[in-house]
Amino acid sequence: MHTEKIVLETISDLVPIKKFSNSLCAEKKVARVLFLSSTQHPFIEELAKGLAILNVETFIVYSSFANLKPLLRSPSFIINVIYFTIRIIIGNPRLMVKLTGITLRHVFFSPKRLLTLTYYLVIASLVYALNSRYKFDLIHSFWSYPAGISAVLARTVLRKPVVISVLGYDLEGKRTTRIGFFREISKLALEEAEAVIVAAEYHLSLLERMKIKSRNYFIPIGIDTNKFNPNVPGRYVREKYNVPESDVVVAFGPRLTELYNPEDFLEAALIVSR
């Protein structure tokens with residue numbers, strides 16, 4: 001299995017892409033998958049490595065606004081976005097009417113929503129450009145927005161199945177629950193996907209309450225027991241990381257960002273340690 005960073009010779013040559021494949025069994029490739037995410041979450045690459053072992057060739061594109069900025073300076077890419085948007089309108093007017101309706105309902109409260117819609121179309125156009133070279137069998141988006149809704153838009157023209165992994169903020173994050181625009185965008189993306197994967201079992205009940213009719217699957221995120229083994233003696237861990245016996249050790253699974261509210265976790269850890 002090997003990893004490589006690819007630079008395309010097309011209008012998308014300004015966006016870094018990571019490829020994961022099994023170089024020992026290249027002729028036995030089972031499928032070619034695009035992983036689309038706006039966040040560089042470490043488990044995405046771990047999943048791609050696991051799929052490579054199964055002879056699934058995976059390409060990862062991190063579609064954050066910062067990564068896409070160079071594309072917006074390319075006249076040829078802007079033309080491609082306009083052309084692709086017209087094809088989406090012709091190919092699936094129902095979807096574009098829904099998406100435009102959501103945007104217009106909320107643009108009065110925040111004119112930036114027009115830019116957000118443009119951002120989704122830019123990502124979809126990038127997916128279209130990538131597919132013209134790599135011919136993906138499946139598009140797997142992480143989080144329902146921006147990646148999920150963008151993949152659904154791209155699917156209109158590409159006719160490729162879209163799977164969306166729901167990982168938290170797109171269902172119950174502050175932005176989703178408090179801002180109607182993102183709540184509606186999330187629901188639309190999940191309704192349009194061929195399948196939805198949740199990593200937390202209680203998210204299935206949230207999907208049911210939202211009346212999401214896609215095929216929903218509960219697949220917990222795996223744990224590498226070579227790195228995280230609860231059976232390793234605590235003494236060994238303390239010696240390895242030079243942690244005194246008097247110190248209380250707690251584990252925090254997510255990244256230390258505001259999204260996961262580490263302040264509440266620290267407060268809870270202090271209460272439990274007393």
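Angles under 35 degrees count as roughly parallel, over 145 as roughly antiparallel, 65 to 115 as roughly perpendicular and the rest as oblique. Axes are lines fitted to C-alpha atoms, for helices over the stretch in contact, and angles run from 0 to 180 degrees between N-to-C directions. Helices (H or I, at least four residues) and strands (E, at least two) are DSSP runs, numbered from the N terminus.

The model is predicted: local features need pLDDT of at least 70, side-chain atom pairs count only at pLDDT 80 or more, and totals for chains, interfaces and linings use all residues. Residues are numbered from 1 along each chain as its sequence is written, and side-chain values use heavy atoms, with hydrogens and water left out.

Start with helix 2 (residues 65-72) and helix 5 (residues 112-134). They pack at about 75°, with axes 11 Å apart. Helix 2 and helix 5 are therefore roughly perpendicular to each other. On the helix 2 side, F65, L68, L71 and L72 make the contact (heavy atoms within 4.5 Å). Helix 5 answers with Y119, V122, I123 and L126. The contact of helix 2 with helix 5 holds 8 nonpolar residues, no polar and no charged. Here Ala, Val, Leu, Ile, Met, Phe, Trp, Tyr, Cys and Pro count as nonpolar, Asp, Glu, Lys and Arg as charged, and the others, Gly among them, as polar.

Most residues other than glycine have a negative phi, and most peptide bonds are trans. The peptide bond from Y145 to P146 is cis, with omega near 0°. P146 belongs to helix 6.

Next, the aromatic rings. Rings of Phe, Tyr and Trp (its six-membered ring) pair if their centres lie within 6.5 Å; planes under 30 degrees apart count as stacked, over 60 as edge-to-face and the rest as tilted. The count comes to 10 aromatic pairs. Y145 and F182 form a stacked one, 5.1 Å centre to centre with 20° between the planes. Y145 lies in helix 6 (residues 144-158) and F182 in helix 9 (residues 180-192), so the pair ties together parts 37 residues apart in sequence.

Last, the largest pocket. Its lining has 50 residues, and I221, G222, I223, D224 and F228 lie nearest its centre. Helix 11 gives the most, with 6 residues. The lining divides into 33 nonpolar, 10 polar and 7 charged residues. On a 1 Å grid over the protein atoms alone, a pocket is an open set of points where a 1.4 Å probe fits, with protein on both sides within 12 Å along at least five of seven lines; lining residues have an atom within 4 Å of a point.
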